[in-house]
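Subject: Structure handover

Hello,

Here is the structure you are taking over. Please open it alongside this email; the notes below say what was found in it.

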There are 2 protein chains.
Amino acid sequence: MNILERLAALRALMKENGLSAYVVPGNDPHASEYMASHWCEMQWLSGFNGEAGTMVVTMDKALLWTDSRYYLQAGIELKDSTIELMRESDVDCPRITEWLCEQFTVHNSQCTIGVNPEMFSVNDFKAWKEDLAKAGIEIQSIDLIKPIWVEGRPAIPQDKLYPYSADFAGETVESKLTRMREIVNRKSSNRQWALIISALDEIAWLLNIRGNDVEYNPVVISYVVLEADKCTLFVDANKVDTVAQNYLDFNNIDVQSYEAVFAYINGLKGTVLYDGARVNEALFEAIPADCKKINTKSPILIDKAKKNAVELEGERIAMRQDAVALTRFFKWLEEEAFADGKTQTEWDLMEKLHEFRAMGENFVEESFGTIAGYQGNGAIVHYAATKDNCAIVKPEGMLLLDSGGQYLDGTTDITRTVWLGGRIPQQAKLDYTYVLKGHIALARARFPRGTRGNQLDALAKQYMWEAGITYGHGTGHGVGHFLGCHEGPQNVRTDNNPTALEIGHIVSDEPGIYRTDKWGIRTENLITVIPAKQTKETTTEDEWLAFETLTLCFYDTSLIEMSLMTEDEIDWLNAYHVRVYKEVSPLLNDEEKSYLAYKCAAIEL
Amino acid sequence: MNILERLAALRALMKENGLSAYVVPGNDPHASEYMASHWCEMQWLSGFNGEAGTMVVTMDKALLWTDSRYYLQAGIELKDSTIELMRESDVDCPRITEWLCEQFTVHNSQCTIGVNPEMFSVNDFKAWKEDLAKAGIEIQSIDLIKPIWVEGRPAIPQDKLYPYSADFAGETVESKLTRMREIVNRKSSNRQWALIISALDEIAWLLNIRGNDVEYNPVVISYVVLEADKCTLFVDANKVDTVAQNYLDFNNIDVQSYEAVFAYINGLKGTVLYDGARVNEALFEAIPADCKKINTKSPILIDKAKKNAVELEGERIAMRQDAVALTRFFKWLEEEAFADGKTQTEWDLMEKLHEFRAMGENFVEESFGTIAGYQGNGAIVHYAATKDNCAIVKPEGMLLLDSGGQYLDGTTDITRTVWLGGRIPQQAKLDYTYVLKGHIALARARFPRGTRGNQLDALAKQYMWEAGITYGHGTGHGVGHFLGCHEGPQNVRTDNNPTALEIGHIVSDEPGIYRTDKWGIRTENLITVIPAKQTKETTTEDEWLAFETLTLCFYDTSLIEMSLMTEDEIDWLNAYHVRVYKEVSPLLNDEEKSYLAYKCAAIEL
C-alpha cells in the first residue's frame, strides 16, 4: 500500500465505525523516547520519518503536526501525500484539540474521534477528552491501524532479556521490591493493592533486567504489575531463556505473556495505583470499575533517579572508558584524519568515534545517535548527519561532537566543541568562553538541600545573558544508570519543575550558543549531586549540596578568551585537567599519554 | 470577657449549632496583608497579638497555629489561656486539616466544622473542604464570632475615600474600565457577565481612589462588581463626601452600601468571574446557582503590576524624597545621635527617621512598620521594636534599617545596613560583601523576555551559597504604586511562580545574611523591569529585559571586603553612587551635600 491507499483504508474503517476523525500520535504504549519500529504508526501512515509528530485524519483532510526540527524533512517526505504539514512550533499554529474543536463545532454537533488508547498516557487522554468535550466532541478508544497495517509491519522485538547483576546495580531485586512495597503501603489505605508499571526503564531498574529491544536503551518490552504478595512480569515467552527464567523464579517474579496484562489488570481488586503521566490509557481502562484508583508519581521513577554508591562507582568506571575513546578520537582527528590532504565526512567521524568506543570494556552500544555538527551544522540543535547526507570536514573551523555510550557499568553523555584549524574569529572565542563560564558555574555551584534545577539554570546562562545571548534547549537532563540517557524527574531547565535535586541524581551540564550557518558551541559533562562540606561560615542548619563532575575529558583551551575568565574559573579548569590526566592516563599508551598531557596543560591568565 | 469566657461563649454557640470545631483564621474579607482591627477575630479570641495565626476550638481543646516568627510572643501571650501553641514551622507539626481529620475520624464518624466564609478565599475553602471530606468531615459556613464579640469590637474604619488624580495614576478610570471590560469580554462567551473584585488595592487602582482605612496601605474598605455596562462600588455611605460622590458620578460608578454586595451578587445573571485566590467564600456562595462561574486570575492584579510611565516617573520622584530623608537621617546618626556620649534606642531611630520622611513632599505615611534592628536584633527577620521594648543603640556595631514611605507619587521600600563604630569583624565584612555582590548581580541581570523571578533568585544567592550561607525570605517582592508595599503576581523567590517578569514590574532586590545574636545584614533597593539594549552579539530574536534601579541611597562602603569584589561590581557601585549624588544633591543644603559626596566617594580595588 502507498500512503494514499493507507489513508483510504483508514477512512473506510472510520466510516464503518462512525468516526469523524482518527488521531495517530508518534508514541508507543510505554511512553518511550526511542520506539521499536513496530509502533511507528504515525511514520507508516504518513511517510514522514521524523521522530516526533501526530497525524490527524478526517474524511477530507490529513494533517501532520510536527515541530521546527522537522519542518524541512516533513516538507520533502509529505510531498504528493495529500498530507498537510502543521508547524506546531509556530506561534499561530493551533493545538490539535483546538483545530479539532474548530473543525467539528461548526459542521457537526455530535461527532466522535477515534484514538488507540495504548498510544496515550492516562493524563494526556484525560486532557484531550476535556478539551474536546468543550466542543461536544467525544473520544473513542479504538485501534484502526492494526487492521490495516498487516503487510510488512515489523514484529514487536523478540530479543532476549538478561539478568543485570546486583554487582552492577548495587541492590538486589528483593531489596528493591521490599522498599517499593513499603512506599505503596504508605500510599494505600487498602492492604490489597496493585501498582501498574509500564515504563521500560522502570521495569528494567526494578527487576534488575536488561535487554536489546530498543535502540540506545537496554530495555525489555514488557509490563509489570506489583502487588503486596507478588510481582508479575508480562513479557513474550520467547524472550525468556532458561537462565532468565531461573533468575525470575529465584526472585519470585511470575511471568505471563505480554498481551495478558489487560486481562490481569481486569481481574484486580482493591486499590490500583498508576502514574498517569507514564501509564497508557488502555491499561487504565482495563482497571475494574469498583477498584479505587490512585494516580501517583511513580515511586520507582523517584527512587531510580537517586543512584546508589555502586551505580555511581560504575558511572566513574564508564567515564574512564569513555574518556579513553574520546582521547584516542581527538588524537586521531588532530594527527591523522587530515594527514596528506585527506578529508573526512561528519559520518566518517561518527563511525571513527564508534570504533574507539566499541574498544572499551563493557561497552554495549551508543546511548543516543551521535551528533557530529561541522560548522553551521553544529547550530542545528538536533542535527543528525546520515551517510548519504552529511558535510565534508576539513582541518579548519568548528566541530561540535555530542555522543555517549551504554556500558554495563553505566551511561555516558558528553559534548565537546573543538576548533579544527585556521584563524579563530574573536566571536567564536567569546561564544566558547560564555558557554564554558556557564558550564563551570553550574558545576561549581553549592546550594541548600531543597533547591530545584530550575533555580540553578540561570547560573549557566548569566554570562551569555549579559551579552544578550541565550539558548532554547534545557541546560541539564537526568541520566539513567545503564538505562535511558534522558530520564526524570530531575532536570536543570527554565521550566518550573517541583523536583528538588537530591544526592545521587545525575544531570548533564550543557549550555550552548548557536549561530545559524556559522557554528554551534556546546560543552557538556555529566555531574552528580553530592553532599557539600559545611564551611565554618554556615549560618543555618541547612544541608548543603554540590556537584561532582563525572565526565573526564579535556576542553579545547585554544578557544578560550582568557580576558573573560576569572581566577576561580581558571583554577577550576586546571584542577579538572589535572584530574582528567590522573584518572585517564593509566589506561593509555605512552603516545596517547603525551597527547593527553599536552591537551591537559595548565592555562594561565 | 476574658479569654476563657470568650472560649466558653463560642463553645456554647458551637453546641447550639451542632459543630464539633470552629476555626478562626487571621484573615479579613479582602485578603489584606494589613487588617483593620475590626477583623482581628483570631487575636480577640486568643489574646495572641501576632499578625499571623489560626485558632481552632473544639469542645475540649483550643489551639493556635502560628509560625516561628511568633513562637516566643505566643508562648508569653497564651499563658493561662488553655490555648495550646501549634508550631507550624516545625517539620512534625500537622497541618490544621490533618489535625482535624485525625481528631475526628476516630471519635465521630459524622461531624461538622464551622468557619466564617468571609475569612476564607474561595480556593482555600475548597481545599479545606476536600481535605476534610477525606475523613468524612463537613464544613459549614457560619459566623459565630459576631454574636459573641459585641462589646468593645472596633467598628469598620470610617475614613473618607478620596479621588486619586490621573496626574499621579497616569491613566483615567474610564480608560482602565474600558480595558478591563475588553479583557473580560475575551474570557466570557456570554455578553452578560460580572467580575467580583474584593482586594482593596485592586479597587483603589481600578477606580483611582485612595483612603486611610488600613495602616500602611492607602485603601478604602469596599467591594466592586464590574459589569459590561456598569460598575458598582460597595462602600459605607459616610466614607463618601460630596467631592468623592461627584467624582464617582462623573465616572459613572454606582455606589451601594458595603453590606449590599451580597444581595447584589445574589441578583446577578449570566457569567460571574472571580479570582478564587482573593475573593472570599461568602461572596462566592452568594452567586446564584444558575450563573456560570469562572475562577480566573484577576486581570486587575495583572495589569496593576505593570506600571505606566507616569507611575514610574512618580516612583522616581518619591525615591528622591526618600533619599533626602535617609541622607539626613544617616548624617544625623553619624554626626549628632551619639554626640557627647548620648545613646539612642531603636525606637528613637524609628521616630527620627519618620521625622525626616514626614518632611518630604507628598509624604502620606510609612509603607510598613520600620525595622530598626541593632546588632543581634537585626538577625530577627520580622523584628519590630516597640517604645517599651527595644534595644539601646551605641556608636558601635551593626544596624539594619528597613523602612519605606507612601508618597502620593509612589511607594518606597529600602534597607541599608550600616556599621556604627568600633573594629569591624572580618566575618561581618564577608557577610556584607556576599550580600552586596548578590544584590548587584540581580540589579545588573539581563534576561530574555519570559524569564520568571524564580529563575533569577540564585543570582542573588550564588556568592553566599559558595560560602555555605543562605536566607529563608524572598529575594524580591512586587511593590505597588502608592498602594501595597507587597503585591503580586511577580516576585523573585525560590518558589515556583509562573509569572514572567514584564516591563513596568517593580520588585525589591534584598538578599540578606542573619547571624543569631550577632547581626543581620540586608541590602535592599527597588528595581523595575525595562527593555534591555540589544547587543551586536545577540543570536536570537528574543526580546531582552533588564532592571533599572529606582532607589537612590548610598551603601556603607566601610563594610565592603574589597578582595571579594570584581571590577564590574566596583564599576557598578561607583556609577550608582555618582547617580545618587547627581539626583539627590540638588534637594540638599550645602552641609548635607558634602556629607552625601563623602558617602558617595568612589571606591577602588
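I start with a pair of helices in chain A. The axes of helix 15 (residues 426–444) of chain A and helix 17 (residues 567–584) of chain A cross at roughly 75 degrees and come within 11 Å of each other. Helices here are DSSP runs of H or I with at least four residues, strands are runs of E with at least two, and both are numbered from the N terminus. Axes are lines fitted to C-alpha atoms, for helices over the stretch in contact, and angles run from 0 to 180 degrees between N-to-C directions. Helix 15 of chain A and helix 17 of chain A are therefore roughly perpendicular to each other (under 35 degrees counts as roughly parallel, over 145 as roughly antiparallel, 65 to 115 as roughly perpendicular, the rest as oblique).

Helix 15 of chain A contributes A:L436, A:K437, A:I440, A:A443 and A:R444 to the contact, and helix 17 of chain A contributes A:D568, A:E569, A:W572 and A:L573; contact means heavy atoms within 4.5 Å. By class, five of these residues are nonpolar, none polar and four charged. Ala, Val, Leu, Ile, Met, Phe, Trp, Tyr, Cys and Pro count as nonpolar, Asp, Glu, Lys and Arg as charged, and the others, Gly among them, as polar.

On conventions: this is a predicted model, in which local features need pLDDT of at least 70 and side-chain atom pairs count only at pLDDT 80 or more, while totals for chains, interfaces and linings use all residues. Residues are numbered from 1 along each chain as its sequence is written, chains are lettered from A and ligands numbered from 1 in the order in which they are written, and side-chain values use heavy atoms, with hydrogens and water left out.

Helix 13 (residues 309–335) of chain A and helix 18 (residues 590–599) of chain A have axes that come within 10 Å and cross at roughly 85 degrees. The two helices are therefore roughly perpendicular. Their contact involves, among others, A:F330 and A:K331 of helix 13 and A:Y595 and A:L596 of helix 18. It divides into four nonpolar, one polar and seven charged residues.

Next, the sheet. In chain A, six strands form an open sheet in the order 12-11-10-8-13-14, with mixed pairing; two strands pair if DSSP finds at least two bridges between them. Strand 12 (253–256) and strand 14 (292–295) of chain A are at the edges with a single partner strand each, so one side of each has no neighbour in the sheet. Strand 8 (residues 193–197) and strand 13 (residues 271–274) of chain A pair in the parallel sense over three bridges. The bridge partner of A:W193 in strand 13 of chain A is A:T271. Helix 8 (residues 200–207) of chain A packs on the sheet and touches strands 8, 10, 11 and 12 of chain A.

A:D201 lies in helix 8 of chain A and A:K304 in helix 12 (residues 299–305) of chain A, so the pair ties together parts 103 residues apart in sequence.

Finally, the interface. In chain A, 38 residues are in contact with 38 residues of chain B. Two salt bridges are counted between these chains, including that of A:E466 with B:R444.

Regards

How values were computed
A salt bridge is a side-chain nitrogen of Lys or Arg within 4 Å of a carboxyl oxygen of Asp or Glu.
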